[in-house]
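My notes follow the display.

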Amino acid sequence: MSTKPIHDEHLSSSEEEEEEEELLTPSTSSSRLHEILNSVSNSVEEGDPEQSQNSVADLIDFLNSVSDDALSDPDNENAKNKAFHVLSQLHHYVFSPSFDEATVDALSFELPKAASRFGGVSDKCLVIAGKVIDRFVSLCSPREMLPILCEALDSPSEMNSGSSYFVPLLNGLSQVLISIQKRHFEQLKTAIPIVVKVLMAVSSEFDNDCTELKDLYDGALSIANSVHSVCIKQEGSVNEKIRALLGLYVLQIMALASINMNFMVLSLQPLVAQLSSFLPYCGLSYLGLITGSDVDRMIGIAFEDDVDEYVSCLSYVKHGASFSVIWGHISEVVVTAAKEDLGALHVELQDDHMKRWEAIGMLRHILSYLLVPWELKKCAINILICITDANNSQRCDEEQTDCTSYMPNLYSALQAVQQVIMFASESELRRNAFDAFKRILADVPTSQRFDILKALIKNSDSSSMIAILLDVVRGEMQKKNCLRPNDNDMNRENKAHQLSPFWSASVLELVEFVLRPPRGGPPPLPEHGDAVLSALNFYRFVLLTESEGKTNYTGIVSKNNLEKAYNEWLLPLRTLVSGIEAENNKGDRVQTTVDILCSLNPIEMVLYRCIELVEEKLKQST
């Protein structure tokens, strides 16, 4: 005897009606679409503009409601099937004889956008949506379709629709660009910023999902191919401008792909290689890219004096220039596509300090940007190590090179390397970053090196980094101390003139910055323990060195400075340390208390040695 499932026996009449409606949805939707399409055709045929406009609005509302239902619930197979059937029927309609010129004109402004929204429903819908847009591209003039597709791409309401919405539109736009007959540069200059805006907005929404973004970047690549096809047919200044625009666009895409897609060499390599193949055609070399000279040249050609327009739409081209060279170091396929010689590039940068400084300044864009994958930052650090060496500083000093104009970028580059030192998870990368930091610093002429270190210390909010920088300053002073003049006939002022800036009164400002912060009072402990300990050791080193050499280049041995250090730096610090110890010695000792006391032990030891030494010097001065 057969039996029905229990839940079937208890279905309410409303539930039965819902179930029946769901089963009939594709057929019902098809009937509704057929009705609306007939209304559109009839109103167009009758020449009734108002009815035609209303029918088109009904069609777009219906299509959007179907796509919204499927997109809002990706697990609803019934909604996805409904969307597929509706889109398939629409596809059949646009290829039917009734889809005449008048109907095309009535639907061309709205239908491509509505069809593209189905792209995110399924892969099958994505293919059909692309065919619908291709149909409009084949029937409409490029002059008409360019603004239609650009408007659909630049729709703020669709920026969260997912990458699949934009893929059919990008592919359609790539076909339209090839067919443009007039004002090629002006048309491209309008379209490319919109494409870039889409890539930037959509890429940031997908949390480095390489699968979701692949089709999107393939669409971006098809735009580059179309621009290239247009360019080779032009001559003179138009060709030059389009080539410059193509180069900037390629660099922007290179940057966005490197930042937003998962760092996987095998998955990104084909895209990067294809982008790199455009570089020779655009007149871009690795040397010009890594120094930034080619980027500045292209901006000048494409945008002339309209710098604001460039900044708003192609803000990552300098990142892209550096990424291009970095990828060349990662992949042999990429460097071959770019037709470059890395060995020659390294030699050129090693032999020319100005170009090397420019390269260091360009790589800061990669190292300072938080979203750049660590693997790419690692390669940037390796490039810095490769192009700098221990002899650079000596050569710069011998040539008395003025790097004043390069100082801001060198300073920013050192700050960027500091971020790698502090935040990289791999110990090897941190070590290499510190090596690169010292090499860059050594590459700066001595006359400016102290100023950079001083600025780095005063603008750092990391106690550990300040400690490291003070140790670097002390190392520089030790090196310069070995070279100090010892001629007894040379007066002290003349000696000081020949010394580096590291042996000057400015070094005491560094100690005061740590031991008596600008906001007043002693430094916060134990939070700034590393910096305080390093500053005390630094002060003691300078005082002992000046005392033993019977010099006073820094002014540290003068009575006024000794009294200032004793009363304003050391004694308040001793009071602070004693108070913290007394507070933490009360009651039971927990691990936190033990950690605080342990961190204060070395500070207390060096502090009392400094106090004893200053007291001794003050007695000698009386």
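I take buried to mean under 20% relative accessible area, exposed to mean over 50%, and partly exposed to lie in between. I note at the outset that the model is predicted.

**Cysteines.** I looked up Cys-150 and found a relative accessibility of 7%, so Cys-150 counts as buried. I then checked Cys-313, which is buried because its relative accessible area is 7%. I searched for disulfides and found zero in the structure.

**Negative charge.** I found a surface patch of negative charge formed by Glu-45, Glu-46, Asp-48, Glu-50, Asp-100, Glu-101, Asp-105 and Glu-144. Helix H2 (13-46) and helix H5 (101-107) are the elements that give two or more residues to this patch. I located Asp-100 in the loop between helix H4 (77-94) and H5.

**Backbone geometry.** I recorded a cis peptide bond from Leu-525 to Pro-526, with omega near 5°. Pro-526 lies in the loop between helix H29 (506-515) and helix H30 (529-549).

I next looked up positive phi values outside glycine. Arg-183 is not a glycine, yet has a positive phi of about 45°. I placed Arg-183 in the loop between helix H9 (163-179) and helix H10 (184-203). With a relative accessible area of 55%, Arg-183 is therefore exposed.

Lys-550, a residue other than glycine, has a positive phi near 55°. I traced Lys-550 to the loop between H30 and helix H31 (559-584). Its relative accessibility is 68%, so Lys-550 counts as exposed.

Terms used. Residues are numbered from 1 along each chain as its sequence is written. This is a predicted model: local features need pLDDT of at least 70, side-chain atom pairs count only at pLDDT 80 or more; totals for chains, interfaces and linings use all residues. Side-chain values use heavy atoms; hydrogens and water are left out. A disulfide is a pair of cysteine sulfur atoms within 2.5 Å. Buried means under 20% relative accessible area, exposed over 50%, partly exposed in between (1.4 Å probe, protein chains only). Patches are made of residues with over 30% relative accessible area and no salt bridge: like charges are joined within 9 Å, nonpolar side chains (Val, Leu, Ile, Met, Phe, Trp, Tyr) within 5 Å. Accessible areas come from the Shrake-Rupley method with a 1.4 Å probe; for residues, only the protein chains shown count as cover. A salt bridge is a side-chain nitrogen of Lys or Arg within 4 Å of a carboxyl oxygen of Asp or Glu. Lys and Arg count as positive and Asp and Glu as negative; His and the chain ends are not counted. The place of a charge is taken as NZ of Lys, CZ of Arg, CG of Asp or CD of Glu. Helices (H or I, at least four residues) and strands (E, at least two) are DSSP runs, numbered from the N terminus.
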